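Q: I would like to go through this structure with you. Could we begin with how one term is used?

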Amino acid sequence: MNKTILQKKINIYEVFLALTLFIFSVFALEGSNESAKILIPYINANPTFLHLALTVLLCLFFLLIKIKRNDKIEFDIVCILLLFQCVLNLLPIIRPNFDATDFWGHYLNTLMSLIIYFIFYNSNIETKSVVKYFVIFGIVISIQVIWTALLIDIPFSDVVFKNYMRIPYSSSNMICTILVPIVFMVMRANIKSLWKLLIVFLLIVGIVLCHSRGGILILAVMTLIELITRIMRQKNKVLYCLVLCTIIIIGIGVFLFEPSVKRFLLGYIADKEFTLDGLTSGRLSIYIAQLKTVKQSPIFGTGLFYSADAPSGAHNLFIDLLAKCGIVGFIVYTLALYFVFRKTSKKMFKIYKYEIQPLYIFLISLFLYSMIEVCYFNYNSDLIFWMIAGILQSKKAFCRHESNMLEVNKLELATNNTN
């Protein structure tokens, strides 16, 4: 009896998720320069290697459980597309001038995306468990950010402040790529209002202290979308629209007339000549440079290598896909994203809102962030995105099946009553 209870309590997918977030929040490699050093306590070890070992164990457990229970292993169109993407991204190895120096590290992200998506598509993890672990992760990250901010011996108003904002998970901008999605996951989750308010407040403090303009921008855009969505459900739409417009006007006024806010949002270009490239922190130049590389290999791309023009990437998912994976890879990956985000019926979205909506909004936030930041072709970000995508697709399939069963039962009941 105790064995049965233990089996019901332990879920290997939950354990894997919890350990994944633990590794990302505690382990890191020591930085080589002063600004790359982590000021708070952490364990100096390679988190990627540790997580790979954990993933191997998960795969073994997954196969053993499926074989023991004689369960059917399922896959969907997204699995097939990610597998095709893995094959396409291997094509550079057949080129005569192939250089493996930085290729396999980048290819690992593609391979892990497929493995993690496939396993979690076959998982039975509950959404409330996913939310719980990500809320804890978000709180830990925010506390680490606050702790680091207190240890940085530079005024917060100084734009250099963000260069020293580094914790085990990552640095300034990349920290926000996980905190912002968690904010909106919490907002759509089944959590008591007071706790929800406190958690969101702590997460937003973490985002602000990261000194990331991108984080503030995506947070503002997603908040605006949330407000508009909620307004559209209200009867007195005009009143709510006026309130929203007033808030926006006040925000613009604060930006234009408050020097400290303007400096914070404009960063390094606050005292320089205003240019579009400067406003985007040089991203416009990177976009143009990366788009030019598409001509080198338009069909299959130049490969998953570092680029001299953009060592950290183009800061835009679609531009990097075109440059590194070519038109074919771009189409395949975009189709995979399409099937993940494919519209769920309003009825299902409403009935199973606590099962689907928190996962859905998390992925949308991370996807929007990938338009301005390199939260893709990155081990942590890719793994988290496709893990949540796998869970979401699994939930959508389950909800569709359950809805169909309810319809069948209703039809049978109606038929019996008629007879």
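A: Contact here means heavy atoms within 4.5 Å. The model is a predicted one.

Q: With that in mind, which residues is K66 in contact with, leaving aside its neighbours within four places in sequence?

A: K66 is in contact with D71, K72, I73 and N122. K66 itself sits in helix 3, residues 47–69.

Q: Is K66 buried or exposed, and which side chain of opposite charge is nearest?

A: K66 is buried but has no salt bridge. The nearest side chain of opposite charge is that of D71, 4.3 Å away. A salt bridge requires a side-chain nitrogen within 4 Å of a carboxyl oxygen, so K66 has none with D71 at 4.3 Å.

Q: How many salt bridges are there in the whole structure?

A: A search finds three. One of them pairs K395 with E126 at 4.0 Å, N to O. That pair links distant parts of the chain, with K395 in helix 17 and E126 in the loop between helix 5 and helix 6, 269 residues apart.

Q: What else does K395 meet in a salt bridge?

A: The side chain of K395 also meets that of E355, at 3.6 Å, N to O. Here the partner lies in helix 16 (residues 353–369), 40 residues from K395. Through shared partners, E126, E355 and K395 are joined into one network.

Q: Changing topic: which residues form the nonpolar patch on the surface?

A: The patch consists of I299, F300, I327, I331, L335 and Y338, with about 530 Å² of accessible area together. Y338 belongs to helix 14, residues 317–341, and is partly exposed because its relative accessibility is 46%.

Q: How many residues of helix 5 are buried?

A: Helix 5 is mostly covered, with 14 of its 19 residues buried.

Q: Finally, what is the secondary structure of the chain?

A: The chain has 17 helices and two strands. Of its 419 residues, 45% count as buried.

How values were computed: Residues numbered from 1 in each chain as written. Predicted model: local features only at pLDDT ≥ 70, side-chain atom pairs only at ≥ 80, totals over all residues. Heavy atoms only, no water. Patch = residues over 30% accessible without salt bridge, like charges linked within 9 Å, V, L, I, M, F, W, Y side chains within 5 Å. Areas by Shrake-Rupley, 256 points an atom, 1.4 Å probe, with all protein chains shown as cover. Helix = DSSP H or I, 4+ residues; strand = E, 2+ residues; numbered from the N terminus. Buried < 20%, exposed > 50% of the residue type's maximum accessible area, 1.4 Å probe, protein only. Lys, Arg positive; Asp, Glu negative; His and termini not counted.
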